[in-house]
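Good morning, colleagues. Please take a moment to look at the model on the screen before I go through its helix packing and its aromatic side chains.

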Amino acid sequence: MATPIYRKIKDLIMQEIEDKAANSPIDSERDMAVRFDASRMTVRKAIDELVEEGFLYRDKNKGTFVADRKLLKRNTAAEMLQEEISEFIVMYFNVKDAADIAPILEIDQDDQVLSVVRLNTVNAKPTSVEEIFFIRNQISDADMKNLKNLLDMNDYVKNGRVT
């Protein structure tokens, strides 16, 4: 599957702002649309994601600016996956209907997913809690049993801190 145009534009914008100082303005959506030979809506989608991820911010009636990287919140899944996780604790898992997540996983609404919630730590300090979805029919029964054993050994569960 080919990379969507807005993702390519997003990557190009990231390269452009990499060396810019905080609070520096970026080009307008119109200018970028011309430069990247794309629609303004496509450019807007790329910028919207960068704003949502904290790399850019908007000041109404003034424009879009480079965010201060010292204040950058690392909360996107892609960023979290790039962090080194030294440990994790499986807090909870459940097999459930895929209705909400089916379009993202490109599976039928009637299929099931395995939802795993885990606590990630670095140097024994909690850094994030994430929910991971797996397509259930792609997981063996042996793997499901191993996951149950891992959960049973989890101190958080044994001590009643997680329900």
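Predicted model: local features only at pLDDT ≥ 70, side-chain atom pairs only at ≥ 80, totals over all residues.

What percentage of the 163 residues in the protein chain is made up of buried residues? Buried residues account for 33%.

Let me turn to the overall composition. The secondary structure of the protein chain comprises 7 helices and 5 strands. Read from the N terminus, the order of elements is α-α-α-β-β-α-β-α-β-β-α-α. As for contacts between residues at least 6 apart in sequence, 48% of them link residues at least 24 apart.

I now come to helix packing. Two packed helices are described by the angle between their axes and the distance between the axes. Helix H1 covers residues 5-17 and helix H2 covers residues 29-36; their axes come within 12 Å and cross at roughly 110 degrees. An angle of 65 to 115 degrees counts as roughly perpendicular, and H1 and H2 are therefore roughly perpendicular to each other. H1 passes H2 in a right-handed crossing. On the H1 side, the contact is made by Ile-9, Leu-12, Ile-13 and Glu-16, and on the H2 side by Met-32, Arg-35 and Phe-36.

The next pair is H2 and helix H3, the latter spanning residues 40-52. Here the axes come within 8 Å, and they cross at roughly 110 degrees. H2 is therefore roughly perpendicular to H3. This crossing of H2 and H3 is right-handed. H2 contributes Glu-29, Arg-30, Met-32 and Ala-33 to the contact, while H3 contributes Arg-40, Val-43, Arg-44 and Ile-47.

Lys-45 lies over the face of Tyr-6, at 4.7 Å from the ring centre.

How many aromatic pairs does the structure hold? There is 1 aromatic pair. Tyr-57 and Phe-65 form this pair, with 5.6 Å centre to centre and 25 degrees between the planes. Planes under 30 degrees apart count as stacked, so the pair of Tyr-57 and Phe-65 is stacked.

Phe-65, at 14% relative accessibility, counts as buried, because the cut-off for buried is under 20%.

Notes
Residues numbered from 1 in each chain as written. Heavy atoms only, no water. Phe/Tyr/Trp six-rings, centres within 6.5 Å; stacked < 30°, edge-to-face > 60°. Buried < 20%, exposed > 50% of the residue type's maximum accessible area, 1.4 Å probe, protein only. Lys NZ or Arg CZ within 6 Å of the ring centre and 35° of its normal. Axes fitted to C-alpha atoms, helices over the stretch in contact; angles between N-to-C directions. Helix = DSSP H or I, 4+ residues; strand = E, 2+ residues; numbered from the N terminus. Parallel < 35°, antiparallel > 145°, perpendicular 65-115°, else oblique. Left-handed = near helix turned anticlockwise from the far one by under 90°. Contact = heavy atoms within 4.5 Å.
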